[in-house]
Amino acid sequence: MKNNMTKDEILKQVEEVFRSVLDDETLELTMETTADDVEDWDSLSHIQLVVGLEKHFHIKFNAREIMEWENIGGVVNSIAAKL
Amino acid sequence: MEMKLHHIGYVVEKIEDAQQNFEALGYKLAQAPVNDDIQKCRIGFIARDGEPMIELVEPYENNKSLRKMLIQRGNAPYHMCYEVEDVEALFDELSEKEGWMPLFRPVEAIAFGNRLITYFYNAQIGYVEFVNEK
């Protein structure tokens with residue numbers, strides 16, 4: 001994994017993980033997208049998304065981080081800080 | 001923190017059908033099903049003397065995650081629930097430990113008389129629920 005990815009590139013890859021986990025190839029994410037905007041993004045799928053993102057980016061999140069995410073921007077920023 | 005096994009959670013297509021089949025193993029209805037609109041499930045409990053209960057969880061049609069689990073596994077156990085004295089303190093404690101991912105902060109649950117519950121996921125264990133003692 002390259003460590004000089006831009007946030008736009010990270011967002012694109014996050015979108016791929018979300019599409020795969022939620023089984024929705026039409027899903028489009030922006031930095032402002034929240035769980036309320038994505039029908040299938042509930043507390044159980046949230047964990048599957050976290051696990052999918054950890055595997056994809058070869059990183060680990062802690063509990064505080066995943067509880068503080070308010071939107072996809074928070075997810076992307078967390079990932080960017082670890083790459 | 002001290003804890004004791006409170007129940008094993010089963011995801012099921014229809015509570016009454018599962019309950020009827022568990023009766024062959026000596027289980028009896030312990031708590032009639034209630035609708036939990038927050039968890040998007042019908043929830044009922046069955047029990048045998050002196051053993052932790054079994055929670056039968058029938059997801060609403062719009063509960064995509066549990067519906068998906070049902071399709072993948074069929075009716076099956078999917079979490080253990082432990083009763084603890086202070087679920088808020090337990091939440092803070094486990095959140096600091098590596099490998100424990102909270103699904104949500106403690107919330108009141110109608111199936112437990114509005115006692116607080118929370119869920120964690122641990123990749124080595126699976127889903128674990130905690131319910132406040134009082």
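**The largest pocket**

Begin by selecting helix 3 of chain A, which supplies four residues, the largest share of the lining of the largest pocket. Helices (H or I, at least four residues) and strands (E, at least two) are DSSP runs numbered from the N terminus. A pocket is an open set of points on a 1 Å grid over the protein atoms alone, where a 1.4 Å probe fits, with protein on both sides within 12 Å along at least five of seven lines; lining residues have an atom within 4 Å of a point.

The model is predicted: local features need pLDDT of at least 70, side-chain atom pairs count only at pLDDT 80 or more, and totals for chains, interfaces and linings use all residues. Residues are numbered from 1 along each chain as its sequence is written, chains are lettered from A in the order written, and side-chain values use heavy atoms, without hydrogens or water.

Next, select F61(A), N62(A), A63(A), G99(B) and W100(B), which lie nearest the centre of this pocket among its 24 lining residues.

**The interface**

Now display both chains: 17 residues of chain B are in contact (heavy atoms within 4.5 Å) with 16 residues of chain A. The rule finds three salt bridges across this interface, each a side-chain nitrogen of Lys or Arg within 4 Å of a carboxyl oxygen of Asp or Glu. Select E96(B) and R64(A), whose side chains meet in a salt bridge at 2.6 Å, N to O.

**Confidence**

Finally, colour by pLDDT, the predictor's confidence in each residue from 0 to 100. Chain A averages 92 and chain B 95. Within chain A, confidence is lowest in helix 3, at a mean of 88, and highest in helix 1 (residues 7-22), at 96. For the complex, the predictor gives an ipTM of 0.77 and a pTM of 0.87.
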